[in-house]
Amino acid sequence: MSTLILYAGKYGSTEKCVDTLKKSLTGPIETINLNRDIPPNVSPYNKVIIGGSIYFGQFQKASKQFCVDNLDLLKQKKIGLFMCCGNPENINQYMVEAFPAELLEHAVIKDCFGGELERNKMKFFDKLITGMILKSAQKSGKPSPEILWDSVTRFSEKMNLA
Ligand SMILES: Cc1cc2nc3c(=O)[nH]c(=O)nc-3n(C[C@H](O)[C@H](O)[C@H](O)COP(=O)(O)O)c2cc1C
């Protein structure tokens with residue numbers, strides 16, 4: 001049972017989650033960064049995982065577009081969908097806006113992997129915004145976002161059983 005993982009991220013959280021998924025999934029696995037690589041034909045794969053991160057409420061464009069362009073083919077596969085984001089409480093809204101409804105319904109699992117704000121890696125504007133977000137979070141006693149590793153484990157377990 002071969003698996004294709006397609007993902008898009010900016011500062012490495014999504015990639016970290018993909019690396020962990022890769023280690024815990026069984027069978028042959030190929031990973032494709034949609035912001036960098038040309039995606040292969042999904043036809044030969046049994047399972048397809050699609051993920052990406054959220055910026056200003058928007059899911060990564062490349063991941064979103066891939067789902068729209070390949071919807072009919074994807075509906076013939078075992079599908080896993082995931083997101084990295086700083087506000088997991090908004091995940092239902094992000095999911096509905098990011099993925100076609102038919103794909104969400106068809107998916108074996110859809111989950112939020114949380115996220116990280118690594119300011120040392122960020123470009124100027126993102127660093128500035130992040131500084132403001134973190135300051136206001138601190139004031140209201142909200143903890144900094146972190147990757148939800150239990151969710152990543154649960155996701156891979158479910159995909160292995162699919
Ligand atoms: C400028 C900026 C805007 C962000 N906007 C949102 C947002 O609207 N909602 C959210 O839940 N998380 C938001 N985040 C958090 C990211 O989704 C989170 O840091 C994620 O781990 C990034 O993953 P990546 O490094 O793979 O791109 C934002 C982060 C930055 C730096």
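Visitor: How should I read the relative accessible area of Glu118, and is Glu118 buried, exposed or partly exposed?

Guide: A residue is called buried under 20% relative accessible area, exposed over 50% and partly exposed in between, using a 1.4 Å probe and protein chains only. Glu118 has a relative accessible area of 22%, so Glu118 counts as partly exposed, and Lys121, at 41%, is also partly exposed. Please keep in mind that this is a predicted model, in which local features need pLDDT of at least 70 and side-chain atom pairs count only at pLDDT 80 or more, whereas totals for chains, interfaces and linings use all residues. Residues are numbered from 1 along each chain as its sequence is written, and side-chain values use heavy atoms, with hydrogens and water left out.

Visitor: What joins the side chains of Lys121 and Glu118?

Guide: They meet in a salt bridge, with 3.1 Å from N to O; the term asks for a side-chain nitrogen of Lys or Arg within 4 Å of a carboxyl oxygen of Asp or Glu. Salt bridges that share partners bring Lys16, Glu116, Glu118 and Lys121 together in one network.

Visitor: How many salt bridges does a search of the whole structure find?

Guide: The search finds eight. One of them joins Asp126 to Lys10, at 2.7 Å from N to O, and this pair links distant parts of the chain, since Asp126 lies in helix α6 (residues 124-139) and Lys10 in the loop between β1 (3-8) and α1 (13-24), 116 residues apart. Helices (H or I, at least four residues) and strands (E, at least two) are DSSP runs, numbered from the N terminus. Asp126 is buried at 9%, whereas Lys10 is partly exposed at 42%.

Visitor: Which residue forms a salt bridge with Asp111?

Guide: Arg154 does, and the closest N and O atoms are 2.8 Å apart. Arg154 belongs to helix α7 (residues 149-161) and Asp111 to strand β6, 43 residues apart. Asp111 is buried, with a relative accessible area of 15%, while Arg154 is partly exposed at 45%.

Visitor: Which strands pair with β5, and in what sense?

Guide: Two strands pair if DSSP finds at least two bridges between them. Strand β3 (residues 47-55) runs parallel to β5 and is joined to it by seven bridges, with Ile49 partnered by Gly80. Strand β6 (residues 109-112) also pairs with β5 in the parallel sense, over four bridges, and here Phe82 has Asp111 as its partner.

Visitor: Why is β5 largely enclosed by the rest of the structure?

Guide: Strand β5 (residues 78-84) is described that way because six of its seven residues are buried.
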